[in-house]
Amino acid sequence: MSNHLKNETSPYLLQHAENPVDWYPWCREAFEKAKKEDKPIFLSIGYSTCHWCHVMAHESFEDRKTADILNRYFVSIKVDREERPDIDSVYMAVCQAFTGSGGWPMSVFMTWDKKPFLAGTYFPVRSQYGIPGFSDLLMAVADRWRRSREELLHSAEQIISHLKQSDSGHGRGNDGDLSDRAVRLFCDSFDSIYGGFGAAPKFPMPHNLLFLTLYAKQNDAPDVLEMVEKTLLQMRKGGIFDHIGYGFSRYSTDRYFLAPHFEKMLYDNALLIMAYVSVYGMTQNHLYLDTAEKTAQYVLREMTSLDGGFYSAQDADSEGIEGKYYTFTLTEIIDVLGEERGKRFSEAFDITEKGNFEGVNIPNLLKSNVLDADFDGEMQTLYHYRKIRSKLHLDDKILISWNAMMIASLSLLYRGSRNEKYLEAAMNAQRFLEKNLCEGLCLYTSWRGQKHSENSFLDDYAFYITALLELYHSTLNKDYLEKAEQFCREAVRRFADTVNGGFYLSDSNNSELFMNPKETYDGAVPSGNSVMAYNFVRLYQLTEKEDYRKLAGEQIHYMSAEARNSLTGHSMFLLAKQLYDDPPEHIRIVLKNNSDMEKMKGKLPLLANVIIASESREYPTLNDRTTFYVCKDHICYAPVNEII
């Protein structure tokens with residue numbers, strides 16, 4: 001029997017629509033029911049490709065006895081964190097305050113007026129390792145709600161007061177040598193043997209790599225670039241990269257980048273394309289471009305809708321087993337490829353009878369030096385075989401912020417590869433977003449089932465502006481730049497804290513929660529505040545408008561204070577600050593013929609501020625032809641007719 005999630009569009013909510021738990025989406029009806037029946041609320045937050053969300057669902061939410069407890073003593077609400085980042089952000093802060101850590105599934109107990117009094121993440125079906133069993137916890141909470149509710153309400157008021165004080169305690173700080181200090185911290189945590197930073201688990205964090213790459217370029221620091229290259233090479237060779245179907249998994253569970261958590265997220269692959277292309281631009285090492293192109297091939301083949309939008313994620317699990325889709329036995333490889341080809345492939349990709357992961361094998365090149373070997377035929381055969389062998393769940397929700405990241409990355413990849421198909425895919429996706437997730441200057445977070453959500457957040461605007469800027473750089477079409485300016489003004493109007501600086505996650509005049517966070521930390525994806533700093537810097541350098549210079553300066557000053565105590569967690573902001581302090585190459589193009597602009601597409605530097613101008617007394621054409629005025633490192637050079 002279906003519950004109240006049956007008419008939702010979120011794949012995550014629909015996964016729970018047939019649970020015996022009487023789930024509600026986040027809605028007024030649920031909170032009114034809790035108040036009327038004098039019940040606490042159990043809030044469960046997750047996403048459709050979350051492995052431990054699946055585990056808790058199978059153990060508890062599909063269990064009739066557990067469901068009976070929830071239905072009797074609680075009103076239960078399910079939230080897709082990707083559709084409602086505001087709810088996720090606020091209650092993640094609650095969870096971290098209660099437990100010192102966070103993650104998904106997130107489990108929160110609160111009053112009908114949204115005040116939390118207890119929070120955690122995954123709870124096992126039975127008590128173990130000091131973690132209470134979920135049913136036992138439910139009964140304990142229900143008992144305390146009846147017998148000592150004042151203690152719970154006092155706990156809720158305390159946690160809310162603590163979070164509000166923390167949120168209001170941000171100051172403005174000295175910009176200082178933040179980038180230099182951050183690089184030293186990255187050097188201290190760098191794994192010189194296996195690449196990456198810190199201990200296992202290792203997350204790709206491509207925005208960290210983008211910051212370090214730019215720092216290496218601007219400061220002529222080959223040792224910093226070496227850290228980036230070591231990491232990118234290890235990830236390409238490791239099992240975190242899908243050598244059969246391409247693309248990257250969420251993170252590595254070990255130090256070596258061998259055994260990933262197998263889910264694939266659109267944002268990881270978008271940002272990693274940027275990282276690989278950026279290092280290719282510095283080194284001209286074709287391996288990095290090849291990795292970026294293979295990752296794009298995966299996205300265009302498996303994560304792209306017929307209308308051009310990009311899907312959100314693929315699951316780690318197949319048939320209830322994590323990684324089953326991606327792993328092989330030696331016998332399978334031999335059977336599928338034949339004796340000779342199978343043995344050759346297995347020797348190269350670490351496929352053994354014993355296995356390298358829980359008795360099976362993750363194809364990888366960590367023990368091999370055959371990155372340039374031709375295994376295209378074997379890859380195609382194994383790719384088609386595993387698609388028949390088992391299937392992956394696809395989260396086909398289309399998120400505007402993650403799509404914008406992919407648009408930006410494909411646009412950058414086009415400039416690195418000069419392959420038109422990437423620009424075409426980026427432009428198609430932008431048209432999809434404009435048609436389905438934009439109404440004037442109003443954006444919507446998600447699209448599925450021919451319907452868009454009703455909400456939008458800072459990140460939606462911030463990343464969409466970046467996508468438009470990247471499309472401008474690739475096409476030199478001023479329409480994209482003008483749209484970027486329009487959405488930038490709207491983002492400032494809707495989300496800016498005009499008193500204390502920075503930007504709220506939700507509309508500053510329309511937050512339904514007890515706090516409206518200003519996220520600055522760059523986690524799995526860069527924060528909206530970091531990206532807005534980047535957007536202001538690029539818009540100022542592209543338009544030379546004083547408004548953007550002022551906005552860029554104010555945002556960098558605000559973010560400098562935020563970043564001081566966690567520099568490695570603010571790398572996207574630090575990248576923006578570097579561009580502000582040390583602008584990239586500035587190219588003013590005085591066009592003689594509009595047809596010349598088409599010839600220049602994809603032939604300009606990866607990172608440059610390109611301005612299209614008309615001939616004037618200040619900027620005349622040279623030899624009556626299209627002319628380039630180039631400034632770099634605070635020096636302007638004589639005009640030329642050819643830039644490459």
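Me: A cavity is a set of grid points where a 1.4 Å probe fits but cannot get out. How many cavities of 30 Å³ or more does a search of the whole structure find?
Reply: The search finds 1 cavity of that size. Keep in mind that this is a predicted model.

Me: How much space lies in the largest cavity?
Reply: The largest cavity holds about 90 Å³ of space.

Me: Which residues lie nearest its centre?
Reply: Gly 239, Phe 241, Asp 242, Tyr 326 and Ile 362 do. They belong to a lining of 14 residues.

Me: What classes make up the lining of the largest cavity?
Reply: That lining has 9 nonpolar, 3 polar and 2 charged residues.

Me: Which residues make the contact between helix 9 and helix 11?
Reply: Helix 9 brings Pro 206, His 207, Leu 209, Leu 210, Thr 213, Ala 216 and Lys 217. Helix 11 answers with Asp 268, Leu 271, Leu 272, Met 274, Ala 275, Ser 278, Val 279 and Met 282. By class, this contact has 10 nonpolar, 3 polar and 2 charged residues.

Me: What about helix 11 and helix 12, parallel or antiparallel?
Reply: Helix 12 covers residues 286-302, and the two helices pack at about 155° with axes 8 Å apart. Angles over 145 degrees count as roughly antiparallel, so helix 11 is roughly antiparallel to helix 12. Helix 11 passes helix 12 in a left-handed crossing.

Me: Which residues meet there, helix 11 against helix 12?
Reply: From helix 11 come Leu 266, Asn 269, Ile 273, Tyr 276, Val 277, Val 279, Tyr 280 and Thr 283. From helix 12 come His 286, Tyr 288, Leu 289, Thr 291, Ala 292, Thr 295, Ala 296, Tyr 298 and Val 299. The contact has 12 nonpolar, 5 polar and no charged residues.

Me: Next pair. How do helix 16 and helix 18 cross?
Reply: They cross at roughly 20°, and their axes come within 8 Å. That angle makes helix 16 roughly parallel to helix 18. The crossing is left-handed.

Me: Which residues of helix 16 and helix 18 make that contact?
Reply: In helix 16 they include Ile 400, Ala 404, Leu 412 and Arg 415. In helix 18 they include Asp 459, Phe 463, Glu 470 and Ser 474. The class count is 11 nonpolar, 5 polar and 4 charged.

Me: Now the backbone. What sort of peptide bond joins Trp 104 and Pro 105?
Reply: A cis one, with omega of about 5°. Pro 105 sits in the loop between helix 5 (85-99) and strand 4 (106-110).

Me: And what is the bond from Ala 200 to Pro 201, cis or trans?
Reply: That bond is cis, with omega near -5°. Pro 201 is in the loop between helix 8 (178-189) and helix 9.

Me: Last one. What phi does Glu 319 have?
Reply: Glu 319 has a positive phi of about 55°, although it is not a glycine. Look for Glu 319 in the loop between strand 10 (317-318) and strand 11 (321-322).

Methods: Residues numbered from 1 in each chain as written. Predicted model: local features only at pLDDT ≥ 70, side-chain atom pairs only at ≥ 80, totals over all residues. Heavy atoms only, no water. Axes fitted to C-alpha atoms, helices over the stretch in contact; angles between N-to-C directions. Helix = DSSP H or I, 4+ residues; strand = E, 2+ residues; numbered from the N terminus. Parallel < 35°, antiparallel > 145°, perpendicular 65-115°, else oblique. Left-handed = near helix turned anticlockwise from the far one by under 90°. Contact = heavy atoms within 4.5 Å. Nonpolar A, V, L, I, M, F, W, Y, C, P; charged D, E, K, R; others polar. 1 Å grid on protein atoms, 1.4 Å probe; cavity = no way out; pocket = protein on both sides within 12 Å on 5 of 7 lines; lining within 4 Å. Points joined across faces, edges and corners; volume = space filled by probe spheres on them.
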